[in-house]
Amino acid sequence: MPRVTIVGGGAIGCAVAYCMARAGYPDIQILERGELAAATSGQAAGLVGQVRSSQERTRLAMASVAMYSKIEQETGYTADWRQTGSIRIAMTGERVAEFRMMAGVAAATGLDVEFLEPGRLAELFPPLDTGQAKAALWCPTDGYLQPHSLVMAYARAARDRGVTIASHTTLTGIAITRGAVTGIRTSNGSATTDMVIDAAGPWAGAVASLAGVELPVIPVRHQYFVTVPQEGWHGSLPVLRIPDVRIYARAEVKGILCGGWEADGLSLDPREVAVGQPLAVAPDWDVLSGFAADFARFIPTVTTAEIREVFRGYPAFSPDGRFIVGPVPGIRGFVMAAACNAHGVSGSAGLAESVLESLGPDPSPYIRSLSPARFMPRDWTWEAARDRAELIYETYYGLTAAAQGGTGAPAPG
């Protein structure tokens, strides 16, 4: 019987399984209601950026990049990691000031970044119309990966270390005896277990409710499109982020992958999301065409490009934009690995290491700050939690508080 049960077979769940097995934890099982990487992780754009507004978040992102750079060598399985570098474009003086602040954080953390001269920007990204760029911040060690490949690399490497994977298995109950996890009930039967790690993405709140815990894990809609091949686009181009128009983009083979952050976020009520419930979402063409129109200021051809596919899902956000990671107070053996604020795939390696640290005897102040304890006992309302989570989504590329002299929404993570 498993001593550790991880609920969720996406990037976070499989990363946690791999890191725990590598650290020597025995008898680990992953429960997944469908196939691995078939839900939220499979809809991710796969961008991996390390430039952040705090040293703690920068270090977490750097830890993820370090793993992606060596995972194939260590495990024999590829994450299809492309270290293409990334470019952040500033269109306003305020954004330039923010970039300078971020460059300072990067320098203090040991992350290599530089501001690009116009000629170098054009050289790195030939299809780009650079006329509206006031500054460009370059991070050469950023890149992107294929989410499905990453999840399968974690899962196969975990299985090699003894982890078992129960797919097509839905969690239906968590047994708690005298304040401690003692077992689980599933669609395929019951089992004893000493620890349940809730890595269920947008269903994480529903899983927590099976343990009698209310946590504000809010599913918020996100979507992007991929075009047919376009002239000048290829897989080695850097990732682009243009925060002043809420847009990100990269090449997908020879097409354009373009997404963004909606000005009016749309969330689901977590109380109405059941474990295993499909969260289907239709493409919102008004929003997607808005992304294309904004990106056309830099890539004019994007508005006439044929769209090949639309990806969409409900990544989970928290009301304060910080991950919910670590043991749940009052229930020994129940652990959260949730509310990744759209960093689930890109930050999965660093988040898994954070889960490990939270289980240790002396987690850092940063890891302690991610504890679910901050939402317990409940002094928040579901309505306010949804409003705040939507605001975190809407201001994902908003100017950080430091860049605004102490005002503004907190940066995700």
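Me: What makes up the lining of the second largest pocket, by class?
Reply: Sorted by class, that lining holds seven nonpolar, three polar and four charged residues. Keep in mind that this is a predicted model.

Me: Which residues lie nearest the centre of the second largest pocket?
Reply: Those are A44, Q146, Y224, E252 and F311, out of 14 lining residues.

Me: Which element gives the most to the lining of the second largest pocket?
Reply: That's β18, with three residues. At least two residues each come from α5, β14, β16 and β18.

Me: And what about the largest pocket, how is its lining split by class?
Reply: There you get eight nonpolar, four polar and three charged residues. The largest pocket has a volume of about 250 Å³, and A38, A39, T40, W203 and L279 are the closest to its centre among 15 lining residues.

Me: Why is α1 called roughly parallel to α5?
Reply: Their axes cross at roughly 30° and come within 8 Å. Angles under 35 degrees count as roughly parallel, so α1 is roughly parallel to α5. The crossing is left-handed.

Me: What makes the contact of α1 with α5 nonpolar, polar or charged?
Reply: On the α1 side are A11, C14, A15, A17 and Y18, and they meet V151, Y154, A155, A157 and A158 in α5. Ala, Val, Tyr and Cys count as nonpolar, so the contact comes out as 10 nonpolar, no polar and no charged.

How values were computed:
Residues numbered from 1 in each chain as written. Predicted model: local features only at pLDDT ≥ 70, side-chain atom pairs only at ≥ 80, totals over all residues. Heavy atoms only, no water. Axes fitted to C-alpha atoms, helices over the stretch in contact; angles between N-to-C directions. Helix = DSSP H or I, 4+ residues; strand = E, 2+ residues; numbered from the N terminus. Parallel < 35°, antiparallel > 145°, perpendicular 65-115°, else oblique. Left-handed = near helix turned anticlockwise from the far one by under 90°. Contact = heavy atoms within 4.5 Å. 1 Å grid on protein atoms, 1.4 Å probe; cavity = no way out; pocket = protein on both sides within 12 Å on 5 of 7 lines; lining within 4 Å. Points joined across faces, edges and corners; volume = space filled by probe spheres on them.
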